[in-house]
Amino acid sequence: MDLSPLPQADPAGTDVLPLIASLRLLGRRLLATWRRQQCEPSAFSPLATAMLSEAMPALVAPPEQWVRALAAEARLARQSLTSRFGEPPVTVVARGNLRIEVYFWLSPATALHDHVFSGAFGVAHGSSLQERYAFASDDPNHQPVRLGTLRRTAAELLSAGEVREIAGPDRCLHRVAHLEVPTVSVCVRTRHDVGAPAQYTYFVPGLAAQTDEHFSPEARRRIELVRMLMHTQGQAAEATAGSLVAAAPDLEAFYMLWRLFEAGVGVDRLFALLPDRPWALPLLPAFFERLQEIAAWTDPAGRRTLAEQRVAELTAASCYT
Ligand SMILES: [Fe+2]
């Protein structure tokens, strides 16, 4: 591994180039080292973790400095404009299967999710609570919507400069709550791991659904049309929405209902739309939990206390199990 010193951030914050230069240098060194290992998939995340950890002292900077640095770039790497991960996400390096991205976070609580990529992430500004989960399911075939059981296995507070690996057989099933607004994180990752199944979003107590990133434009419009229709009252609207949900494939039906729930459609009206699928009834408590989780983090003044409670709860529970 090339361990010659990386450039350090300008402490005065007046020189905005080192941040981007540091990420590009990290990308070049990581690719060169990984290629010497024949781009062995299992070698990537330990390598990304070690090299991002080495680079982090140069990457800890306030959001304003990150924004100045990114905005000064005449040409950035190709951006993923459909990604809903980050507010916004900005891709700085896109070479082969390597991606280096900077994420800004305004909403504190990310969804519980796994990954179709491997690598590492680091906190560049602010702090975050990472909670790891395990999902057990009798469904071995990775259906688009899966029933199972979720169990929280770890919780830790991450400060600026800290790095964690994204890897493992559970594909790093976690959720991250960002305590400062905005929090900034840096992710060094593969674009997509060969053979990885689809990415899932998880809902406590035990529901998993593939993410909605790969819907066709037609499916997206159908979801939006159902949502529009349910903003109106009346049996005709509900009958039409119900027939669309009933006719939709599992994942599309799931997101029709989730978008309605997010939009505040009442449980009684939503209940009338539930299709005859095994996951339909467990869906409502799962949706409630997700909204409660979002609401729990809305008060900025209480976030650190809540994060510390989450860590303490797990530590206390582990003493008795
Ligand atoms: Fe993640």
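Two strands are taken to pair if DSSP finds at least two bridges between them. Helices (H or I, at least four residues) and strands (E, at least two) are DSSP runs, numbered from the N terminus. The structure is a predicted model, in which local features need pLDDT of at least 70 and side-chain atom pairs count only at pLDDT 80 or more, while totals for chains, interfaces and linings use all residues. Residues are numbered from 1 along each chain as its sequence is written.

By these criteria, strand β11 (residues 200–203) pairs with β12 in the antiparallel sense over four bridges. A hairpin of three residues connects β11 to β12, and tyrosine 202 lies opposite alanine 208 of β12. Strand β12 also pairs with β6 (residues 145–147), again in the antiparallel sense, over three bridges; here valine 145 faces alanine 209 of β12. In a regular strand the side chains alternate between the two faces of the sheet. Both faces of β12 (residues 207–210) are covered, with Leu207 and Ala209 buried on one side and Ala208 and Gln210 buried on the other. A residue is buried if 20 or more other C-beta atoms lie within 10 Å of its own, exposed if 12 or fewer, and partly exposed in between, with C-beta atoms placed from the backbone.

An open sheet is formed by five strands in the order β1-β2-β10-β4-β8, with antiparallel pairing. Strands β1 (89–95) and β8 (163–166) stand at the edges with a single partner strand each, so one side of each has no neighbour in the sheet. From one strand to the next the twist averages 20°. Strands β1 and β2 (residues 98–105) run antiparallel and are joined by six bridges, and valine 93 has isoleucine 100 in β2 as its bridge partner.

Two helices pack on this sheet. Helix α2 (residues 41–55) touches β4 (119–125), β8 and β10 (183–190), and its direction makes about 20° with that of β4. Helix α3 (residues 63–71) touches β1, β2, β4 and β10, and its direction makes about 130° with that of β2. Axes are lines fitted to C-alpha atoms, for helices over the stretch in contact, and angles run from 0 to 180 degrees between N-to-C directions. Contact denotes two residues whose C-beta atoms, placed from the backbone, lie within 7 Å.

Overall, the protein has nine helices and twelve strands. Of its 321 residues, 32% count as buried. The C-alpha trace spans about 65 × 50 × 40 Å along its principal axes.
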